[in-house]
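Reader: I would like to learn how to read the features of a protein model, one at a time. Could you take me through this one slowly?

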Amino acid sequence: MDELKYYIKKIHNQLESGFTRALRKHGLTCTQYDILVYLDTHTKHQNTLTHLSAHFGVKHTSMIHVLKLLDEKGFITKTRSTDARSKTIHLTKSGQQVLTDVREKTPLLHKIMFDGLSDQELQLLDKMLQRIYTNLESDAFRHL
C-alpha cells in the first residue's frame, strides 16, 4: 500500500514540476493557475473569497494572498457582489489569454501522460481516482 501512495506522490511531483516550468513564463504558480482555471470554468457562480477558500480547502488568509498576487498581475478583477460585504472575482482578458496559452500545450501533456492507456483504462482510472478522493474527503479520514 505504501508503494501506491509513493507513486501518487511521485506523479503529483512530476505534474507540479512540469506545470511550474510551463507557467514560469507567465509568472504563475500552479496554485495561481488552478484558481484561474476554476474562475474560467465556474462563471455562473458568484466566486467570492469565501467560495474559493471553501472550494480549494484553504484558509481565507492564504486565498487573500494568492488573489492579491493575481490582481497585481492583472489576471483577475474584483467587483461588488449582491452581498455588499463581499466581492465577486472575475478573470480579466489577460487571465483568459494566459489560460489559452497554457491550454495549447494541454493536448501534448495528455498524450504524454496517458500514452499506452486505452479509453476503457482511462475511464477506469478516472473512476478509481474519484473514489480515492471521495474516501479521503470522508469524516473517517478527517478524524484519523
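Author: Let us begin with the aromatic pairs, of which a search of the whole structure finds 3. Rings of Phe, Tyr and Trp (its six-membered ring) pair if their centres lie within 6.5 Å, and planes under 30 degrees apart count as stacked, over 60 as edge-to-face and the rest as tilted. One of these pairs is formed by Tyr-6 and Tyr-7, which is edge-to-face, with 5.8 Å from centre to centre and 65° between the planes. Please keep in mind that this is a predicted model, in which local features need pLDDT of at least 70 and side-chain atom pairs count only at pLDDT 80 or more, while totals for chains, interfaces and linings use all residues. Residues are numbered from 1 along each chain as its sequence is written, and side-chain values use heavy atoms, with hydrogens and water left out.

Reader: Are Tyr-6 and Tyr-7 buried or exposed, or something in between?

Author: Buried means under 20% relative accessible area, exposed over 50%, and partly exposed in between (1.4 Å probe, protein chains only). Tyr-6 counts as partly exposed at 48%, and Tyr-7 counts as partly exposed at 44%.

Reader: Why is the pair of Tyr-38 and Phe-56 called edge-to-face?

Author: A pair of aromatic rings is described by the distance of the centres and the angle of the planes. For Tyr-38 and Phe-56 the centres are 5.7 Å apart and the planes stand at 70°, so the pair is edge-to-face. Tyr-38 lies in helix 2 (residues 30-41) and Phe-56 in helix 3 (residues 49-56), so the pair ties together parts that are 18 residues apart in sequence. Helices (H or I, at least four residues) and strands (E, at least two) are DSSP runs, numbered from the N terminus. Tyr-38 is buried, with a relative accessible area of 7%, whereas Phe-56 is partly exposed at 29%.

Reader: Which residues touch the most other members of the largest nonpolar core?

Author: A nonpolar core is a set of buried Ala, Val, Leu, Ile, Met, Phe, Trp, Tyr and Cys residues joined through side-chain atoms within 4.5 Å. The largest one here has 20 residues, and Leu-36, Leu-67 and Leu-70 touch the most other members. At least two residues of this core come from each of helix 2, helix 4 (60-72), strand 2 (87-91) and helix 5 (93-103), and helix 2 gives the most, with 6 residues. If we take contact to mean heavy atoms within 4.5 Å and leave aside neighbours within four places in sequence, the residues in contact with Leu-70 are Leu-28, Gln-32, Ile-35, Leu-36, Phe-75 and Ile-76.

Reader: Where is Thr-48 found, and what is it in contact with?

Author: Thr-48 is found in the loop between helix 2 and helix 3, and at 12% relative accessibility Thr-48 counts as buried. Beyond its neighbours within four places in sequence, Thr-48 is in contact with Ser-86, Lys-87 and Ile-89.

Reader: How many salt bridges does a search of the whole structure find?

Author: A salt bridge is a side-chain nitrogen of Lys or Arg within 4 Å of a carboxyl oxygen of Asp or Glu, and the search finds 4. In one of them the side chains of Arg-103 and Asp-40 meet at 2.7 Å, N to O. This pair links distant parts of the chain, since Arg-103 is in helix 5 and Asp-40 in helix 2, 63 residues apart. Arg-103 is partly exposed at 32%, and Asp-40 is partly exposed at 26%.

Reader: Which residue forms a salt bridge with Glu-72?

Author: The partner of Glu-72 is Lys-68, with the closest N and O atoms 3.9 Å apart. Both lie in helix 4, 4 residues apart, about one turn of the helix. Glu-72 is exposed, with a relative accessible area of 55%, whereas Lys-68 is partly exposed at 48%.

Reader: Which residues are linked in a network of salt bridges?

Author: The network links Glu-137, Asp-139 and Arg-142. Within this group, the side chains of Arg-142 and Asp-139 meet at 3.4 Å, N to O, and both residues lie in helix 8 (residues 139-142).
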